Amino acid sequence: MFNEVEKIWSDGSEDYDKVIQAQLKNKKDVDHWKEALYLALNRDENLNVMDVGCGPGFFSIMLHRLGYKVTSVDGAEGMVEQARNNFKAEGANINIYQGDVIKLEKEKENSLDGIVSRDVVWTLYDPETAFQRWYDILKPGGRVVIFDANYHYNQTSIGKTLWRYLANFLILITEGRVRREKKTMLNDLPFCKVKRPEKDIELLKAAGFKIISVKDDKYRDSGLAYLKYTWQGKHFEIIAEKPCN
């Protein structure tokens, strides 16, 4: 399943890079996400942070601008290539490699201060194993920060269908890209069949995490972004911490 999922993302990497380029040029987006990551990680010095499922590298660049030591990982070859190009353009010395963000076989236990992700957890073929592995490689007091949405869950209503058509039109005129519509095996992923963030919280606690906060991601569920993307699922933010004892 890993190879099938990552091929889908690799094939779409150029489209996702267009989204990232627009965000990098948008001061409001940049300022918002820098502040959101800074507050979520709760420390401002000497952080060793991993961006799991980094895609074309937007979060990685935000973390770099905050002065953190960043490692970026993505399973899709195309995403890694786009990210490398963006890091070079940024002049950012970011360690990046292609790998399975569930296994993270290159990482040592108790080695990271933070793990962050945006719109990645819903794509995991085994979220339970991922959370346990992330717990193991975090230092005591380290945090996992998840920005995501209840993607692909209960989207068959007429209202959601009409909203999707409107969203695709808005994406075309505001981003200059055509959103591709096709059914894939992504609909069969575990987190597309359950209510979130409730299931995330359950699995994070089972892995040993202490939940720090769970809240709606009002920034992404407002204005034009709401019209373009929230039909896919309501956005949320989870911060969880590995206890120190």
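Trainee: What covers the buried residues of α6?

Mentor: This is a predicted model, and the answers should be read as such. In α6, the buried residues are Pro127, Ala130, Phe131, Arg133, Trp134, Tyr135 and Ile137. Their cover includes β1 (48-52), β4 (112-118), β5 (138-149) and α8.

Trainee: How do the axes of α6 and α8 cross, and is α6 oblique or parallel to α8?

Mentor: The axes of helix α6 (residues 127-137) and helix α8 (residues 198-207) come within 9 Å and cross at roughly 45 degrees. Angles under 35 degrees count as roughly parallel, and those from 65 to 115 as roughly perpendicular.

Trainee: Which residues of α8 meet α6, and how many residues of the contact are nonpolar?

Mentor: From α6, the contact involves Pro127, Glu128, Phe131, Gln132 and Tyr135. They meet Asp200, Leu203, Leu204, Ala206 and Ala207 in α8. By class, the contact of α6 with α8 has two charged residues and one polar residue, and the nonpolar residues number seven.

Trainee: Are α2 and α4 roughly parallel or roughly antiparallel to each other?

Mentor: The axes of helix α2 (residues 13-24) and helix α4 (residues 58-65) come within 10 Å and cross at roughly 30 degrees. Angles under 35 degrees count as roughly parallel. The arrangement of α2 and α4 is therefore roughly parallel.

Trainee: Which residues of α4 does α2 meet?

Mentor: On the α2 side, the contact is formed by Ile20, Gln23 and Leu24. By class, the contact of α2 with α4 has five nonpolar, one polar and one charged residues. The partners in α4 are Phe58, Ile61, Met62 and Arg65.

Trainee: Which residues of α5 make the contact with α2?

Mentor: α2 and helix α5 (residues 77-90) pack at an angle of about 35 degrees, with their axes 9 Å apart. Ser13, Glu14, Tyr16, Asp17, Ile20 and Gln21 of α2 take part in this contact. The residues of the contact of α2 with α5 divide into three nonpolar, five polar and two charged. Those contributed by α5 are Gly78, Met79, Gln82 and Asn86.

Trainee: How many disulfides does the structure hold?

Mentor: A disulfide is a covalent bond between the sulfur atoms of two cysteines. Cysteine 54 is buried at 7% relative accessibility, and cysteine 192 is buried with a relative accessible area of 5%. The number of disulfides in the structure is zero.

Trainee: Which peptide bond is cis, and where is its proline placed?

Mentor: Most residues other than glycine have a negative phi, and most peptide bonds are trans. The bond from arginine 196 to proline 197 is cis, with omega near 10 degrees. Proline 197 has its place in the loop between α7 (158-175) and α8.

Trainee: Is leucine 104 buried or exposed?

Mentor: Leucine 104 lies in the loop between β3 (95-98) and β4. This residue has a positive phi of about 40 degrees, although it is not a glycine. Its relative accessible area is 2%, and a residue under 20% counts as buried. Leucine 104 is therefore buried.

Trainee: Is asparagine 110 buried or partly exposed?

Mentor: Asparagine 110 is also found in the loop between β3 and β4, and its phi is positive, about 55 degrees. With a relative accessible area of 40%, asparagine 110 is partly exposed.

Note on methods
Residues are numbered from 1 along each chain as its sequence is written. This is a predicted model: local features need pLDDT of at least 70, side-chain atom pairs count only at pLDDT 80 or more; totals for chains, interfaces and linings use all residues. Side-chain values use heavy atoms; hydrogens and water are left out. Axes are lines fitted to C-alpha atoms, for helices over the stretch in contact, and angles run from 0 to 180 degrees between N-to-C directions. Helices (H or I, at least four residues) and strands (E, at least two) are DSSP runs, numbered from the N terminus. Contact means heavy atoms within 4.5 Å. Ala, Val, Leu, Ile, Met, Phe, Trp, Tyr, Cys and Pro count as nonpolar, Asp, Glu, Lys and Arg as charged, and the others, Gly among them, as polar. A disulfide is a pair of cysteine sulfur atoms within 2.5 Å. Buried means under 20% relative accessible area, exposed over 50%, partly exposed in between (1.4 Å probe, protein chains only). Angles under 35 degrees count as roughly parallel, over 145 as roughly antiparallel, 65 to 115 as roughly perpendicular and the rest as oblique.
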